[in-house]
Amino acid sequence: MEALLASVIGLLSAVGIYLTLRLRTFPVILGLTFLSYAVNLFLFTAGRLTLNAAPIVGTTDAPADPLPQALVLTAIVISFGMTAVIMIMAIGGHLQAGHDRIDLDEDKA
Amino acid sequence: MNHWIIAPVVLPAFVAAFMVLTMRGHLELQRIASLAAIVALNAIAVGLLWSATAHGPEAYFMGDWPAPFGISLVLDRLSAMMVALLAFVALITTLYAIGSGWDAKGAHFHPLLQFLLMGVGGAFLTGDAFNLFVFFEVLLIASYGLMIHGGGARRTRAGIQYVAFNLVGSSLFLIALALLYGVTGTLNMADLAAKLPNLPEGDAALLRVAAVMMILVFAIKGALVPLQFWLPGTYANAPGVVAALFAIMTKVGAYATLRFVTLVFPTDLPATGTLIPAFLLPAALVTLAIGALGILGATTLPRLAAFAAIASMGTAFLAIAHMSPQATSAALFYILHSTLATALIFLVSDLVSRRRAHLRLDVASPVAQNGLIAALFLAAAVAVAGMPPLSGFIGKLLILDAWRDQAFAIWPAVLVSSFLMLLGLSRAGSLLFWKPSEPAETAEPAPHEPLALTAAFALLAMIVALTLAAGPVTGWLDGTAASLHDPAAYIAANRLEVVP
């Protein structure tokens with residue numbers, strides 16, 4: 001399971017980094033989303049991987065660590081909000097400028 | 001338990017929500033509420049400053065959960081000082097925004113500003129690393145709104161770059177936090193400081209990765225080379241008054257670095273050792289050089305001010321990288337000075353921009369109210385370049401004195417960059433104020449805005465006061481630096497539960 005999760009996190013990060021380095025805003029936002037997926041999974045593994053364990057002491061032999069789950073929830077909420085903000089800004093920028101290039105070079109004063 | 005510790009977080013949060021819900025579209029009411037809240041914040045900050053000086057570090061446990069399990073806020077001299085600095089800069093920028101009419105150019109300026117205060121104040125006060133991440137996000141999301149305040153295609157698109165850059169930074173921060181939690185099982189900063197020295201040898205490599213990533217995130221916030229690319233575009237395109245407020249936001253990076261390198265990753269920790277200063281020192285020197293060269297080569301006044309902000313961060317990180325109480329005290333003095341100076345140069349740049357036909361630094365467009373604005377620019381330039389008689393000179397002198405042991409390498413870098421900054425600022429000043437021959441006829445009509453000018457002069461007065469009171473202030477900062485480098489009292493304030 002460790003190998004599977006590690007390669008999934010690696011793959012998601014690779015996709016995220018590649019897309020974040022693109023020139024248009026939409027792939028960049030997609031890349032940021034993939035990065036946040038990778039980070040959320042990584043955060044989850046910080047509490048060690050356990051199978052069939054409840055995050056409550058006493059219900060199973062070895063309880064799962066509840067704190068990373070709470071951290072992941074917070075991180076998901078925040079990255080969701082941030083993605084919504086950058087999406088709105090990207091649409092605004094696209095409508096105002098007529099294109100969605102991410103660099104500022106061609107309209108230098 | 002001292003409940004005032006949480007007031008700098010709760011008060012702006014409440015006022016912001018209250019403004020959005022009940023004062024939508026009533027600019028006058030929003031101005032009054034915002035000013036009243038910031039005046040109250042100033043009073044609270046002064047009270048906290050007194051309390052931290054008199055009683056030492058004090059923790060506030062949210063929901064009364066004991067320390068490593070719940071979230072704790074910790075008030076010590078450093079956080080109290082940063083909150084007071086924040087409250088003062090917020091007061092000035094709010095007065096300036098009201099006086100110059102910037103807050104009328106888009107909706108929700110005041111609520112966003114209050115949310116920014118909440119985020120920055122929380123970042124200064126929190127004693128929990130994950131909570132620090134949350135407050136970073138609060139201040140960032142408010143800053144996204146403020147940065148594109150007033151709109152315009154170019155500003156919005158500069159804003160997208162800023163948001164994207166910071167989202168990558170947030171991902172890095174989360175990875176670092178996950179690594180830290182994975183090796184220690186805690187994210188309370190005092191608990192980390194207590195647990196890290198006893199870390200098993202096998203986890204040292206993971207911890208080093210976490211430490212470097214953490215410092216990278218703070219370097220993004222503090223615009224340290226090679227992570228400074230977001231700053232010139234963002235600050236130069238943001239409204240001038242917002243950029244002035246952002247002067248304190250880059251200092252969050254310096255504050256967090258200072259907190260972590262003294263508390264969590266001190267140089268006597270075997271796993272990290274001198275790893276962090278070894279990174280910080282060259283990065284700070286290059287930051288300083290790029291800031292100075294940027295000032296020399298800037299084509300518009302807002303860009304010049306943005307590079308001045310970068311240079312000031314380079315100087316502050318240079319002092320932090322020495323990792324000694326004396327240098328930390330110098331860093332704190334320089335942080336106080338450079339926050340005020342950077343805010344002032346952004347306000348002056350905004351004053352100039354609204355009195356000229358265009359932004360470019362050339363002789364074609366003279367400035368209305370030439371004499372008054374020129375005097376302000378001169379004072380701001382003296383403060384930014386670190387020339388006598390203002391406090392930047394004292395700050396740089398203290399930093400040079402702290403680096404006496406490597407004077408052959410550090411002194412030329414600081415002195416040459418100061419000279420370059422002086423050159424760039426004089427060039428900009430003479431192009432704007434001296435060369436134009438016929439100021440009266442072709443100048444833009446001078447806006448009548450006494451409140452905005454008062455705010456700028458109040459900021460200048462504070463820099464003068466800091467210069468005059470440099471003796472007592474450095475004495476107090478020496479005590480602050482000493483307590484930072486001996487964090488036993490900070491850790492004890494958290495009253496950590498002993499986990500069996």
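This is a predicted model: local features need pLDDT of at least 70, side-chain atom pairs count only at pLDDT 80 or more; totals for chains, interfaces and linings use all residues.
## Interface of chain A and chain B

Chain A brings 35 residues to the contact, and chain B brings 29 residues. About 2,900 Å² is buried between the two chains, with carbon and sulfur atoms giving 77% of that area. On the chain A side, Met82(A), Met89(A) and Leu104(A) together supply 24% of the area that chain A buries against chain B, more than any other three residues.

Polar contacts are present, however, with a count of six residue pairs between chain A and chain B, both residues of each pair being at pLDDT 80 or more. Helix 2 (25–45) and helix 3 (66–97) of chain A each supply at least two residues of the side that touches chain B. Helix 3 gives the most to that side of chain A, with 15 residues. Sorted by class, the side of chain A that touches chain B has 20 nonpolar, eight polar and seven charged residues.

In soluble globular proteins, nonpolar side chains tend to be buried together. The largest nonpolar core in this model has 213 residues, and those with the most contacts inside it are Phe218(B) and Phe265(B). Helix 10 of chain B gives the most to this core, with 18 residues.

Apart from residues up to four places away in sequence, Phe218(B) touches Leu132(B), Phe136(B), Phe173(B), Gly253(B), Ala256(B), Thr257(B) and Phe260(B). A second, separate core has five residues, among them Val15(B), Met19(B), Met23(B) and Ala33(B).

## Helix 9 of chain B

Helix 9 of chain B spans residues 230–237, and eight of its eight residues are buried, so this helix is largely enclosed by the rest of the structure. The buried residues are Trp230(B), Leu231(B), Pro232(B), Gly233(B), Thr234(B), Tyr235(B), Ala236(B) and Asn237(B).

The partners of these buried residues are helices of chain B: helix 5 (129–147), helix 6 (153–184), helix 8 (204–221), helix 10 (240–264), helix 12 (301–321) and helix 13.

## Helix 7 of chain B

Ala193(B) is found in helix 7 of chain B, which covers residues 189–195. With a relative accessible area of 12%, Ala193(B) falls under the 20% cut-off and therefore counts as buried. Beyond its neighbours within four places in sequence, Ala193(B) is in contact with Leu263(B) and Ile491(B). The C-alpha atoms of Ala193(B) and Leu21(B) are separated by 42 Å, the two residues being 172 residues apart along the chain.

Lys195(B) counts as partly exposed at 32% relative accessibility, whereas Asp191(B) is buried at a relative accessible area of 5%.

## Salt bridges elsewhere

Side chains of opposite charge can pair when their charged atoms come close. Over all chains, the structure holds nine salt bridges. One of them joins the side chains of Arg354(B) and Glu449(B), at 3.0 Å from N to O. This pair links distant parts of the chain, 95 residues apart. Arg354(B) lies in the loop between helix 13 and helix 14 (370–385) of chain B, and Glu449(B) lies in the loop between helix 17 (439–442) and helix 18 (450–468) of chain B. Glu449(B) is buried, with a relative accessible area of 6%.

A network of salt bridges links Asp350(B), Arg354(B), Arg355(B) and Glu449(B). Within this network, Asp350(B) belongs to helix 13 (residues 325–353) of chain B and is buried, at a relative accessible area of 4%. Leaving aside neighbours within four places in sequence, Asp350(B) is in contact with Tyr96(B), Trp102(B) and Gly240(B).

Another salt bridge is formed by Arg404(B) and Asp401(B), whose closest N and O atoms are 2.4 Å apart. Arg404(B) is exposed, with a relative accessible area of 56%, while Asp401(B) counts as partly exposed at 27% relative accessibility.

Key: Residues are numbered from 1 along each chain as its sequence is written. Chains are lettered from A and ligands numbered from 1 in the order in which they are written. Side-chain values use heavy atoms; hydrogens and water are left out. Contact means heavy atoms within 4.5 Å. Buried area is the accessible area (1.4 Å probe) that two parts lose on being put together, summed over both. A polar contact is a pair of N or O atoms within 3.5 Å; within protein, one must be able to donate a hydrogen and the other to accept it, and residues adjacent in sequence count only if both atoms are side-chain atoms. Helices (H or I, at least four residues) and strands (E, at least two) are DSSP runs, numbered from the N terminus. Ala, Val, Leu, Ile, Met, Phe, Trp, Tyr, Cys and Pro count as nonpolar, Asp, Glu, Lys and Arg as charged, and the others, Gly among them, as polar. Buried means under 20% relative accessible area, exposed over 50%, partly exposed in between (1.4 Å probe, protein chains only). A nonpolar core is a set of buried Ala, Val, Leu, Ile, Met, Phe, Trp, Tyr and Cys residues joined through side-chain atoms within 4.5 Å. A salt bridge is a side-chain nitrogen of Lys or Arg within 4 Å of a carboxyl oxygen of Asp or Glu.
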